[in-house]
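Subject: Structure handover

Hello,

Here is the structure for your files. My notes on it follow below.

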Amino acid sequence: MSAETMLLLVLGAVAVIVAVRAVADRTGLPAAALLTVVGIVYALLPGPNVALDPHLVLTLVLPPLLYSAALDSSLTAIRRNLRTVVSLSVLLVLVTALVIGAGFALFVTGATLAAGIALGAAVAPPDPVAALSVGRKVGLPPRLITLIQGEGLLNDATALTILTVAVTAAQGEGFSTPAAVGEFTIAAVGGVAAGLVVAYGVRPLRRLRRDPLTSNAISLATPFVAYLLGEAVHVSGVLAVVVAGLVIGHNAPYWTSGASRLQTDAVWRLVDFLLEGIVFLLIGQQLPEVIRGLGQYDTSTVVIAAAITVGSVLLIRPLWLLLTESLPASMHSRLGGDTEGSGKFVGRLSGREIVVLSWAGTRGVISLAAIFTLPLVTDTGAPFPDRDLLLFCAFLAVLVTLVGQGVTFAPLVRALGCRADQADEARLRNEARIAAVEAGLARLDTLQSEEHDAVDDRAIEAMRTQLTTRLDRYRKRLDLLSTAEGGEIPLSPGYEAALRLRRAVIEAERQELLRWRDGARLPDEGLRILERELDHEEGLLPKR
């Protein structure tokens, strides 16, 4: 493929991603499902197609996506829900892989246990991108968001390790349970250690990271450094990326500047937008490759294999959640149950939350990238057992969950009424704002008690007036939120009017600056500086 053709494909992909995003915003349909369907349609048309290179995906696409998700996650919240996160990201992945492997060995003619486990490992880990994008729009409760995030961050490492062990066994080297457990333990512990090394290795660079451009460069390089370090020492590079992202995201507020955070956040949002869009387009475009090798199998064999794969993916997850959530409270305590900030145990998931969490198990590009890494031949030179059948089953599981569950996820959440208490969250934010302003006023008192001159006195009083005004506004807002009913944020006519007026004033200021620029009274560099000030001011206003 020529460079011009590749450039046209990339530009076409970006155009499609932007168009699909606009359609998704208007219709409420998940962009991930729409992009997958568009990829399938394109794959059926004549013209150049893009084959999925699994090593390229695992090396260049997966690390930045996982790192960005880790930066956006809460290490504290994951710690509080660690038991459920580990249950979903480790134990459930293992159970799913074993059930699919046993199903293939028992019911699919000629299939081996190792090959079935390899398929199970590939389709076991959900890709949370589609579920999270929908979940945030419909207002899922914070605990469910944390569980989906935490599971998606950690399950890939589990699945890829199981896949490696299964492929080794399928190639004729035999399966040893102690060896498999030992390999998994080394990969997991080593991956955590590698991630911590990178996370704390970045800390000495914190002075450099106060510069926004330098901070961006370091941030973009960090996931690849973590992944390559993990792979170089033969441990889980994926887990190294996740751990590095969680630790850095937790500690970065202590030593990064506000300008660096704003710019880094914008860069990672752009990276996510483009990489996720390209990934879902690639999923759809693999259809011809997957279908091509099915001619050698009987229809009954294909149907049985597909039913085992898709059935296991859809059924094991809700059954597992029901089983683990029905354990006695005493067993929850002994297993290290989820805790709140005070150390008290969090209540069990409700029936509605179990249904929502079950339906959030959409599979994605990791499943396809993993299954495409299966070798063509074994160590003996024989074809890898049922490789084409495994590719089809993995693709079907991704398609069914990504499109089927992805499209119906938002209506399901709305129908169940499983939404966050928006008023309670707003109350908590307002209480934090009040505490922050009171800390600022206390610091002013301290500064006033120190040696200063009349100029400092005037500056302190001016700042005190500003902070006192903000404090009064926050307290009035908190009083209004305290009367909220039904979890909805109450409307305040005065507050809404003030927001409308402030936005109108900012827009008028922008237009005046443009007239100055167009009249050659203000250079473009000055316009950009002043526009940035207005943009930041507008960004502080609520979106509503």
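Tyr-67 is buried, at a relative accessible area of 0%; here buried means under 20%, exposed over 50% and partly exposed in between, with a 1.4 Å probe and protein chains only. The model is a predicted one, so local features need pLDDT of at least 70 and side-chain atom pairs count only at pLDDT 80 or more, while totals for chains, interfaces and linings use all residues. Residues are numbered from 1 along each chain as its sequence is written, and side-chain values use heavy atoms, with hydrogens and water left out.

Aromatic pair

Searching the whole structure gives 1 aromatic pair. The rings considered are those of Phe, Tyr and Trp (its six-membered ring), with centres within 6.5 Å; planes under 30 degrees apart count as stacked, over 60 as edge-to-face and the rest as tilted. The pair is made by Tyr-67 and Trp-268 and is tilted, with 5.6 Å centre to centre and 55° between the planes. Tyr-67 sits in helix α3 and Trp-268 in helix α12 (residues 258–285), so the pair links distant parts of the chain, 201 residues apart; helices are DSSP runs of H or I with at least four residues, numbered from the N terminus. Trp-268 is buried too, at 5% relative accessibility.

Helix packing

Helix α3 (residues 54–71) packs against helix α10 (residues 212–232) at an angle of about 115°, their axes 9 Å apart. The axes are lines fitted to C-alpha atoms over the stretch in contact, and angles run from 0 to 180 degrees between N-to-C directions. The crossing of α3 and α10 is right-handed, that is, the near helix is turned clockwise from the far one by less than a right angle. On the α3 side, the residues that meet α10 include Leu-58, Pro-63, Pro-64 and Tyr-67; on the α10 side, Pro-223, Phe-224 and Tyr-227 are among them. Contact means heavy atoms within 4.5 Å. By class, the residues of this contact are 9 nonpolar, 3 polar and no charged. Ala, Val, Leu, Ile, Met, Phe, Trp, Tyr, Cys and Pro count as nonpolar, Asp, Glu, Lys and Arg as charged, and the others, Gly among them, as polar.

Charges over rings

Arg-433 lies over the face of Tyr-474, 5.9 Å from the ring centre. Arg-521 lies over the face of Trp-516, at 3.9 Å. The criterion is NZ of Lys or CZ of Arg within 6 Å of the ring centre and within 35 degrees of the ring normal.

Positive phi

Most residues other than glycine have a negative phi. His-234, not a glycine, has a positive phi of about 60°; its place is in the loop between α10 and α11 (237–255), and it is exposed at 69% relative accessibility. Ala-520, also not a glycine, has a positive phi of about 65°. Ala-520 is in the loop between α21 (493–518) and α22 (524–539) and is exposed, with a relative accessible area of 72%.

Two further residues

Ala-394, in helix α18 (residues 387–416), is buried at 0% relative accessible area. Beyond its neighbours within four places in sequence, Ala-394 is in contact with Leu-119, Val-123, Leu-368 and Ile-371.

Trp-359 belongs to helix α16 (residues 351–359) and is partly exposed, at 32%. Not counting residues up to four places away in sequence, Trp-359 touches Gln-405, Thr-408, Phe-409 and Leu-412.

Regards

Key
Helix = DSSP H or I, 4+ residues; strand = E, 2+ residues; numbered from the N terminus.
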